[in-house]
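Here is a short briefing on the spaces inside one protein and on one of its helix contacts. Keep the structure open as you read.

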Amino acid sequence: MFRSTLALSISLLIAWTATANAEEEAQLVQRDDPYFTQAQEQLQRILAQQINTRQAKNVILVVGDGMGFSTVTAARIFEGQQRGVDGESNVLAWEAFPYLAAAKTYSANAQITDSAPSAVAMTTGVKTINDLMGLDHTATLNSCEDQKTKAVTTLWEMAATLGMSTGAITTATVTHATPGATYAHIANRDWESDAKMPADALAAGCRDIASQLVEMKYGNGLNVAMGGGRANFLPDSAIDPEYPDKRGARKDGRDLTQAWLKRYGARGSYVWNLAQFDKLDPANVDHVLALFEPSHMNFEHDRRQDAAGEPSLAEMAGKAIDILSKNPEGYLLLVEGGRIDHGSHNGNAYRTLTDAVALNEAVKTIISKVNVDDTLVIVTGDHSHTLTIAGYAKRGNPILGISLGVDGKPMLGSDGKSYTTLGFANGPGGAIPLTERPMLTMEQATAPDFIQPALVPMKSETHGGEDLGIYAIGPWAHLFQGTVEENYSFHVMNYASRIGERLSKR
């Protein structure tokens, strides 16, 4: 009995030793593998992280409008391929941030949100219904009475009340859903000027979004508002300064650009072209209204064709920080890549991705200008789109192109025709009427004006309902973890900056 037990123990010991040696040998083999070493380096970086629990003096919320995970992935690959490096392993500026959460984006009345309630969630801490801005979820669309009685306070309004500097910059109109949600309370997001409002709402004394920006009652209003939307501030009797064939939109006869200058006097400025923007001296100005187009600013791909010139999103972000950072009380800034969304609505992935790359440049500028010891920087989206990345394309295949397999040959559908890696579930790329798919070439698919194939034909591609990433760095950034509601971002920004706490003690 003793001998059999001893023999069994020796056998187990030999087996365990052999297994251990095999594991050690496997470990040694893997140790020099580049994927193995990269993961080890990432592990060490994460182990070395120290949480920052200082009060955030400044908070910057960066929103890629319509930038879901699929758009981030495609933009990562595209940005790397543009630079001639490996796109798949590329890292966008915000992907290097240490903390990440996923946000659930549904609104109070819809599975799939539009930009208005998603922005309200981030700026006020509550969810509301589609198409409303700055009102709670019990408000009714187009109700002027609810606009007056069901407003919720934004973090930007709270910060301005404290004496902090505030700003909102975008490549869309400054009266659009995301920037507008920092200062406006409106029963319909389309009421960007009085021309868009019904007569009964005007008669009842409800104000449009543009007038709410210029007349913001909290503190001394926004310090910086940059983007498009010039027509919403000019009377319909005024000829646009850039386009002689266009006029302002306002029916009330008011020129809100002059109202802005009157309000802020010598420390205020209004600019509408690149030369004026470049001449802005942050040391000599505290309030800037910059309106570079009658409607949205140009897509990044088309920006340099603008005769009057437009600054990039990165240039606007840098100038805004220079102006806002003069305030010893700190600042709160929204930066929106607004036209990422519009590229996808148009079914045009090229412009979606080039505007996402422009947002990446803006984030790099932001990080180069701030101290993340006292500045919380958050990068997220507001909703997703129906962009898909599909097939089995080889490593390094142009992300906008047709799918080539690992053998370098075009991959084909069951109809014997090539297909693109990127597509949309719906949108302008759907055939109307339904016809046979064309045999696409790489040259066709990578052209800037190419419209990606779509399953369901629609005039405008729709939003997507999946979760979004929230990437964060700076004080209390570690509070972003797990899956959270979209309105959670407000609560982290408020907690990290102690804005609400400080207001309650006044």
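The points below cover a cavity, a pocket and a helix pair. The model is predicted. It holds one cavity of 30 Å³ or more. Helices α3 and α14 pack with their axes 9 Å apart.

**Largest cavity**
- The volume of the largest cavity is about 90 Å³.
- Its lining has 15 residues.
- Nearest the centre of the largest cavity lie Thr 171, Asn 298, Glu 300, Leu 313 and Asp 355.
- Six residues of this lining are nonpolar, five are polar and four are charged.

**Second largest pocket**
- Helix α2 (34-47) and strand β2 (99-104) each supply at least two lining residues.
- The most comes from α2, with four residues.
- The lining of the second largest pocket splits into eight nonpolar, three polar and two charged residues.

**Helix pair α3 and α14**
- Helix α3 spans residues 69-82 and helix α14 spans residues 349-369.
- Their packing angle is about 80°, so α3 is roughly perpendicular to α14.
- From α3, the contact uses Thr 71, Ala 74, Ala 75, Phe 78, Glu 79 and Gln 82.
- From α14, it uses Tyr 350, Thr 352, Leu 353, Thr 354, Ala 356, Val 357, Asn 360 and Glu 361.
- The contact of α3 with α14 has seven nonpolar, five polar and two charged residues.

Terms used: Residues numbered from 1 in each chain as written. Predicted model: local features only at pLDDT ≥ 70, side-chain atom pairs only at ≥ 80, totals over all residues. Heavy atoms only, no water. 1 Å grid on protein atoms, 1.4 Å probe; cavity = no way out; pocket = protein on both sides within 12 Å on 5 of 7 lines; lining within 4 Å. Points joined across faces, edges and corners; volume = space filled by probe spheres on them. Nonpolar A, V, L, I, M, F, W, Y, C, P; charged D, E, K, R; others polar. Axes fitted to C-alpha atoms, helices over the stretch in contact; angles between N-to-C directions. Parallel < 35°, antiparallel > 145°, perpendicular 65-115°, else oblique. Contact = heavy atoms within 4.5 Å.
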